[in-house]
Amino acid sequence: MAIELDKLYSQTARAVRPSAIREMAKHAAQPGAISFARGDPAPEIFPVEEFYECARVLRDRGSEVLQYGNTAGYAPLADFLTGWLTPRLGRPVTREKLLITSGSGQVCDLLVRSTVDRGDFVIVEEPTFLGNTNGMRNAGANFITVPVDEQGMVVAALPEKIGSVRARGGKISFIYVIPTFHNPAGVTMSVERRRQLVAVAQEYGLLIMEDDPYRFVRFEGDDLPSLYELDGGDNVVSAGSFSKILAPGTRVGWCVGPEPLIRTMTVLKQSVDSSASVVSQAIVAEYCRSGKLDGFLPKIIENYRRKRDLMEAALRKYLPAGEAQWTMPNGGFFYWITMPNVKTADLIKKCLERKVVFVPGEPFYPNGGGEHSFRLCFTFATPDQLDVGIRVIGEAIRELAPAKAKA
Ligand SMILES: Cc1ncc(COP(=O)(O)O)c(C=O)c1O
């Protein structure tokens, strides 16, 4: 008897849709394509030789590194991270507060497993990172959305939204926020808003997930205090990752948060993947402990600042002045462009014909919206591609809105 897989599928599997970013990545893989789609680091600066050298840990500590690992994380990497993060997050990070994960995407997954039952609510920014909202949706979460402006999440909108969920007897599992060099909006939450957000979480007894993988990719200006520091208590779990500061192929991330929550997430992780790859953690630990990470960060920052400048120049040159809106990012990977008189669904069709790929705005709006916006990643493309690709987008915009879009 033929097996009917459709009948076996869970409600989640039936409802699941491929990620818009992954779909665009297929177009980006075509020969000759210019990709501003995925949030990929610049491949030309991966520290390949140094990483290869660090792989000697497989020979030096092979019997430990090739064994099953501790779920909380490989001890030498955990020790490095507690020391490295404490001054950078502005508050002590101990082993008990730290969980090393398979990428920081897993932090969100474990938090969802820990706090979301079907029908619960998660408060998210609008727009927000679709990789994580997809996981929340799969778990049956409903979304309360809060707009983002140049100062980050509009925190003043929160009390009313929290009140209306609670008045209906709904449970708010957590507030999901990307405070620094936002994906996709490119903006950074001001100190004032950070303080307000933490105050709201404390007043209403809410948990915040501070998703901060771009924190250390700053091109100019001073570091801002983490939500984890401003809270000083148990209301914030802060996630980070080696994906954007070293190499996403390592699949090593982390989170720092209240000890009881970290314990619960650790137990849940045991049945997901037992631990993040010990081989990967060990190579990353070798790399970091010898000071190489601190030497590599300025190289990334220099490369990406240059690319950000090139994209900014190209946007000013090729996009219709006065109509295209964006905020220049002071770090991170992304530009977020809004064109009120252009439908991005039409724009992407025209651009794909010319092999220029980006991610249209709609998937970044879990409750709908974003039809006139799109995300551009500036870190992956070469300097030449940055200019050519934006020129193509500018031409396509003029074809779609010829009357208004004069440069
Ligand atoms: C805001 C945000 N959170 C999480 C992730 C996932 O990163 P990781 O590779 O560490 O799983 C990304 C990746 O693009 C991201 O932009």
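**Ground rules.** This is a predicted model, in which local features need pLDDT of at least 70, side-chain atom pairs count only at pLDDT 80 or more, and totals for chains, interfaces and linings use all residues. Residues are numbered from 1 along each chain as its sequence is written, and side-chain values use heavy atoms, with hydrogens and water left out.

**Domains.** I looked up how the chain is divided. I found domain 1 (8-47 + 294-400) and domain 2 (50-292). Such bounds come from an automatic or database domain assignment. The C-alpha centres of domain 1 and domain 2 lie 24 Å apart. Their contact takes 36 residues from domain 1 and 40 residues from domain 2. Contact means heavy atoms within 4.5 Å.

**Terms for spaces.** I noted how spaces are found: on a 1 Å grid over the protein atoms alone, a cavity is a set of points where a 1.4 Å probe fits but cannot get out. A pocket is an open set with protein on both sides within 12 Å along at least five of seven lines. Lining residues have an atom within 4 Å of a point. Grid points are joined across faces, edges and corners, and a volume is the space filled by probe spheres set on the points.

**Largest pocket.** Its volume is about 970 Å³. I counted 40 lining residues, with Arg22, Gly105, Phe129, Gly131 and Arg251 nearest the centre. Which helices each supply at least two residues of this lining? I found helix H3 (20-28), helix H8 (105-115) and helix H9 (130-138). Helices (H or I, at least four residues) and strands (E, at least two) are DSSP runs, numbered from the N terminus. H9 gives the most to this lining, with seven residues. By class, I read 15 nonpolar, 16 polar and nine charged residues. Here Ala, Val, Leu, Ile, Met, Phe, Trp, Tyr, Cys and Pro count as nonpolar, Asp, Glu, Lys and Arg as charged, and the others, Gly among them, as polar. Domain 1 and domain 2 each give at least three residues to the lining of the largest pocket.

**Second largest pocket.** This one holds about 320 Å³ of space. Of its 17 lining residues, Ala15, Arg17, Asn134, Arg137 and Asn138 are closest to the centre. Helix H2 (11-15) and H9 each supply at least two residues of the lining. H9 has the largest share, four residues. The lining divides into eight nonpolar, five polar and four charged residues. Where does this pocket lie? It lies between domain 1 and domain 2, because both give residues to its lining.

**Cavity.** I found one cavity of 30 Å³ or more. About 50 Å³ of space lies in the largest cavity. Its lining includes Leu85, Asp212, Phe216 and Trp254. Helix H7 (75-89) and strand E8 (236-241) are the elements that give two or more residues. E8 gives the most, with three. I read five nonpolar, two polar and two charged residues in this lining.

**Gln106.** This residue sits in helix H8. Buried or exposed? Gln106 is buried, with a relative accessible area of 9%. (Buried means under 20%, exposed over 50%, partly exposed in between, with a 1.4 Å probe and protein chains only.) A polar atom of the Gln106 side chain lies 2.8 Å from the backbone nitrogen of Ser102. Leaving out residues up to four places away in sequence, Gln106 touches Thr101, Lys269, Val272 and Asp273.

Technical notes. Polar contact = N/O pair within 3.5 Å; in protein donor to acceptor, adjacent residues only side chain to side chain.
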